[in-house]
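Dear colleague,

I am pleased to hand over the structure below for your files.

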Amino acid sequence: MKPNILIGVDMGSSSLKALALEAASGRTVALSRMPLPHDRLAGGGCEVGAHAIREALTHVLRDVARQLGPRTAEVRAMACTGHGAGLYALDVNGQLLGGRAVASTDQRADARARALAASHGAQLFEEVGCSPWPGQPTVIAAELLGADAVQRGELRRLLFAKDYLGFLLTGEIATDASDASTAGLASLATGNWSQAAFDASGIAELGAHAFGPIVPSGTVIGKLRPSEAALCGLPAGIPVATGAIDLLASMTAIGAEARGRAVSVFGTWCVNAVVGPVLEPKPAVAAIVNFGHTNERLYMENSPSSMANIAWLAGVLALPDSRAVVDLAMTVPLGAGGLRFLPFVNGGGGVTAGFVGLKSHHTRADMARAVVDSVAALHARHTARLAAAGLAVGETTVLGGGAGDARLVRLLVAFLGRPVERCADDETGARGAAIYAAMSQGLDDAAQGSPLLAPCEVIEPNARDASAHADFNAGFNELIDSMSPVFTHLAGGAR
């Protein structure tokens, strides 16, 4: 039987997913997901155990194999994607150091990142496209492992999330430009590892040798090992390709680059991005990424928490999930009777979350509405910053778990004041990984019209909403701007 099935694996910040597609039709023939439990630690720590990752990977692949049945023989290739940055450090035995990985939302290195930004930020932005931030692998490693971790022999290799999956499946280590650059470790000019970025970390003897080689997305790095095949029920020897960071994988899944679309990702992180030409001088955005295309860059405006704010409130209010928070929020009008929320539960750059204007008459529903309003408004704020930098964000597609709730997307539409495309497929990361698997076999270029692309729909703005939402948006931005000195003061006192 001719091999016709592609598998994409996606390790996000809250779950691990596997998706199997028919190469010819793009039809989903198997899908599985499993939550990844993260431990919240003192000082803003966020970690996940190696056993949990191992268990989730085996579970989703075994479940996909079960759904495919005899069609497992048709699997032609697979590829992985995952969240960026964080710390996946291997010891001398090839095991995660301490049996743990550190999530990119971890804030324990916040003070270190701010100090590095003060001393090296301008230089590093020119070199690698971003200033130091708490979730970078090198910054976390310096904070948690120490400046002599390499010399002590404790730190042997560094990987990114998707590359750790690839290592488990094949025993091989490699990465791609998008992960290296998003982590602020690759030269914008050359696309190769930046020694200046390694030196800035302060970890002696840390360099490119700690990571695998940078190869183009869609490059086969190895084959599924017999031991892994036995665990998950797939045939041994399936080619495994490297993918890209989950943002770029999701953009690939909707053909964003070919269609000239910006994206807003309602995920754990508040991610807003667009592919554009190389610009000099560099626009003042949060990050510029060399993802392997000579004449293009990925421009990003991000905060560490989007849907994380809503998930946090669900836990605080003992609601079953984020959708229940939105249900509660929609029982009160926009603005929550004057209550506002600063949507930064995962911090970042010294900022913190909090309610402003809280009074005795406010209810749980008002709190929910304030959080939901702020999440959409933060995406609008970041999109406006991209536009102010001269980047083309007039055509936007909303992705991520939050895109599955049309009410959140309509709220963003109202804040932006223009139509927005919604991709309600929560598996765009895994779909993008499957497309990279297709590329590794010469099967697809992910161009517009490809059957592998995820379907989208357009949501139009309601003219009746325009004035009220514009006023809210202006007030939200004024609040964030006015709180900047307070954040700076609090962050300075926390050192």
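**The C-terminal span**

Residues 263-440 have end C-alpha atoms that lie 25 Å apart, and this span is 38% helix and 20% strand. Helices (H or I, at least four residues) and strands (E, at least two) are DSSP runs, numbered from the N terminus. In UniProt, an unreviewed entry gives residues 263-440 the feature "domain: Carbohydrate kinase FGGY C-terminal". UniProt positions are given in the numbering used here, feature names are shortened, and annotations may be inferred rather than shown by experiment.

Please note that this is a predicted model, in which local features need pLDDT of at least 70 and side-chain atom pairs count only at pLDDT 80 or more, while totals for chains, interfaces and linings use all residues. Residues are numbered from 1 along each chain as its sequence is written, and side-chain values use heavy atoms, with hydrogens and water left out.

**Helices that pack on H12**

Helix H11 (residues 322-329) and helix H12 (residues 364-388) pack with their axes 7 Å apart, at an angle of about 110 degrees. Axes are lines fitted to C-alpha atoms, for helices over the stretch in contact, and angles run from 0 to 180 degrees between N-to-C directions. H11 and H12 are therefore roughly perpendicular to each other; angles under 35 degrees count as roughly parallel, over 145 as roughly antiparallel, 65 to 115 as roughly perpendicular and the rest as oblique. Val325, Val326, Leu328 and Ala329 of H11 make the contact with Arg364, Ala365, Ala368, Arg369 and Val372 of H12, where contact means heavy atoms within 4.5 Å.

Helix H10 (residues 307-316) also packs on H12: the two axes come within 9 Å and cross at roughly 165 degrees. That angle makes H10 roughly antiparallel to H12. On the H10 side, Asn309, Ile310 and Leu313 meet Met367, Ala368, Val371, Val372 and Val375 of H12. The crossing of H10 and H12 is left-handed, and H11 likewise passes H12 in a left-handed crossing. A crossing is left-handed if the near helix is turned anticlockwise from the far one by less than a right angle, and right-handed if clockwise.

Helix H14 (residues 428-440) has 13 residues, which at 1.5 Å a residue should span 18 Å; the end C-alpha atoms are 18 Å apart, so the two values agree. The expected span of a helix is 1.5 Å times one less than its number of residues. H14 is mostly covered, with 12 of its 13 residues buried. Buried means under 20% relative accessible area, exposed over 50%, partly exposed in between (1.4 Å probe, protein chains only). Among the buried residues of H14 are Arg431, Ile435 and Tyr436. Gly442 follows H14 and has a positive phi, near 70 degrees.

Ala336, in the loop between H11 and strand S16 (340-342), has a positive phi of about 50 degrees although it is not a glycine. Ala336 is buried, as its relative accessible area is 0%. In the loop between strand S13 (270-277) and strand S14 (287-289) lies Pro281, which a cis peptide bond joins to Glu280, with omega about 0 degrees.

**The N-terminal span**

The unreviewed UniProt entry also annotates residues 6-250 as "domain: Carbohydrate kinase FGGY N-terminal". The end C-alpha atoms of residues 6-250 lie 16 Å apart, and the span is 33% helix and 24% strand.

Helix H1 (residues 50-68) has 19 residues, for which 1.5 Å a residue gives 27 Å; its end C-alpha atoms are 27 Å apart, which agrees. Buried residues of H1 include Ile53, Leu57, Asp63 and Leu68. Just after H1, Gly69 takes a positive phi of about 60 degrees.

Ala85 sits in the loop between strand S6 (75-82) and strand S7 (88-90). The phi of Ala85 is near 55 degrees, a positive value in a residue other than glycine. Ala85 counts as buried because its relative accessibility is 2%.

The axes of helix H2 (residues 110-128) and helix H3 (residues 137-145) come within 9 Å and cross at roughly 125 degrees. H2 and H3 are therefore oblique to each other, and H2 passes H3 in a right-handed crossing. Their contact is made by Arg112, Ala113 and Leu116 of H2 and Val139, Ala142 and Glu143 of H3. H2 also holds His120, which is partly exposed, with a relative accessible area of 27%.

With kind regards
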